[in-house]
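Visitor: I'd like a quick walk through this one, and I'll keep asking how you know things. Can you put it on the screen?

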Amino acid sequence: MTNQTAPEPGEGEAARIVIPSGGANQVRVRAYNERLVLSLVRSHEALSKAEIARASGLSAQTVSVIMRALEKDGLLLKGEPVRGKVGQPSVPMSLNPEGVFAFGLKIGRRSADMILIDFVGGVRARLRRIYAYPMPDEILAFVKESLASLEASMGKLQLSRLAGLGVAAPFELWNWADHVGAPAGEMDAWRGFDLRSEIQAITAYPVYLQNDATSACGAELMFGHGKAYTDYVYYFVGTFIGGGIVLNSSVFTGRTGTAGAIGPLPVRDETGKTRQLIDVASIFVLENLMKERGIDSRPLWYSASGWTDWGEPLDRWISSSAEALAQAIIAAASIVDFPAAIIDGGFPDWVRTRLVAATKTAIQRYDLQGIIVPDIIEGKVGDQARAIGAASLPLFARYLTDQTVLFKELSSAEGD
């Protein structure tokens, strides 16, 4: 995944975040072959030395040396031996969830989340801040408070294994300020604000920055349907809808990092008027529908579990959003022959299920001549995809490697 990265920490910073164990620096940037081995194991969940040697092209001796080092550093766990018909038993190795940790910060238009994940993507802790609209000072204060709170909950060994802080945020946060009710000019404070540098200034952890929808797409690639589809177009329905593109098992960010943004895509709304997708299939549209009917819209932002069936406004929003998403999927499939279109968002699973079902129905009402309709499926990661994608940035930068090496076919297992 492409991201903007911090320089390696200096000596004073390293002293704070690195506690060597057995002479091993847990948060150093691993050598390429080590990263390759870790990436293969992560992708296939568990692999033997022989399987890794075949998949990577490394010699059996080199793989043995690397895996012993990774096991010593606490990054790999040895499984139970599996006996085959001939030869020595095969010993599968898997990632140690306790081997590495990372923080992930999601900055949204209505809320911010800070999470702690382990080496296999498990969310260990999460903190949330709700606001009417984001402002730089409030975000920086939340970062300080949440990092202090999460650090206090961790043990000394866990703290020594922190890889860094990833940040997922919309680019050009000042755009669409009127949609979230910000006073005129208020969010111009974000213009020229170097978010990564400002966060880096208040923490010793290396900070990595990526667009929020791209981060969500990366999370789906790492922890969702990435193994099932090497190419797909991804839609994340948040306060404002965003998306991403995966080609050849890698997130494609494009020349400016905004490839697959999809929000500005022109679609027709329920009245036949041409509008941008962001103005039809975004959660702020549902928020406005609820306000018009005197329904408290604040539960939209508390958490996905806070949603309930609000009846007519929710039904109408799902219907209009599905119609717009169907048009967006047709447009994407007309340009690239995507085998799948994945829909996820900041809502509960049952809303996602309804939205995907409605999109499948809506797309059949269009002229599909010359278009091979992709599989339209639900995202697997869920409402925390942006924060999880953010937290995966330090893991990729320091421990993992490019996605394209992860999907080589493995031949049948042999003894080690």
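Visitor: What is the make-up by class of the lining of the largest pocket?
Guide: This is a predicted model, to begin with. The lining has 16 nonpolar, 14 polar and 8 charged residues.

Visitor: What makes a residue part of the lining?
Guide: A lining residue has an atom within 4 Å of a pocket point. For the largest pocket, with a volume of about 560 Å³, 38 residues line it, and R109, P170, D212, F240 and I241 are the closest to its centre.

Visitor: Which helices and strands each supply at least two residues of that lining?
Guide: Among them are α8 (212-223), β9 (241-247) and α10 (299-302).

Visitor: Why is β8 called largely enclosed?
Guide: Buried means under 20% relative accessible area. In β8 (residues 232-237), 6 of the 6 residues are buried, so the strand is largely enclosed by the rest of the structure.

Visitor: How do you know that both faces of β8 are covered?
Guide: In a regular strand, side chains alternate between the two faces of the sheet. On one side of β8 sit Y232, Y234 and F236, on the other V233, Y235 and V237, and all of them are buried.

Visitor: What makes β8 and β9 a pair?
Guide: At least two bridges are needed for strands to pair. β8 and β9 have 6 bridges and run in the antiparallel sense, so they pass that cut-off. V237 stands opposite I241 in β9, and the two strands form a hairpin with 3 residues between them.

Visitor: Which strand pairs with β8 in the parallel sense?
Guide: That's β13 (residues 340-345), joined to β8 over 5 bridges. There, D344 is the bridge partner of F236.

Visitor: Why are β5 and β7 called edge strands?
Guide: Look at the open sheet of 5 strands, ordered β5-β4-β3-β6-β7 with mixed pairing. β5 (123-130) and β7 (207-211) each pair on one side only. Neighbouring strands in this sheet are turned by 15° against each other on average, direction ignored.

Visitor: How do you know that α8 packs on the sheet?
Guide: Contact means heavy atoms within 4.5 Å. α8 touches β6 and β7, and its direction makes about 100° with that of β7. Helix α13 (residues 385-398) also packs on the sheet, touching β3, β4 (111-118), β5, β6 and β7.

How values were computed: Residues numbered from 1 in each chain as written. Predicted model: local features only at pLDDT ≥ 70, side-chain atom pairs only at ≥ 80, totals over all residues. Heavy atoms only, no water. 1 Å grid on protein atoms, 1.4 Å probe; cavity = no way out; pocket = protein on both sides within 12 Å on 5 of 7 lines; lining within 4 Å. Points joined across faces, edges and corners; volume = space filled by probe spheres on them. Helix = DSSP H or I, 4+ residues; strand = E, 2+ residues; numbered from the N terminus. Nonpolar A, V, L, I, M, F, W, Y, C, P; charged D, E, K, R; others polar. Buried < 20%, exposed > 50% of the residue type's maximum accessible area, 1.4 Å probe, protein only. Axes fitted to C-alpha atoms, helices over the stretch in contact; angles between N-to-C directions.
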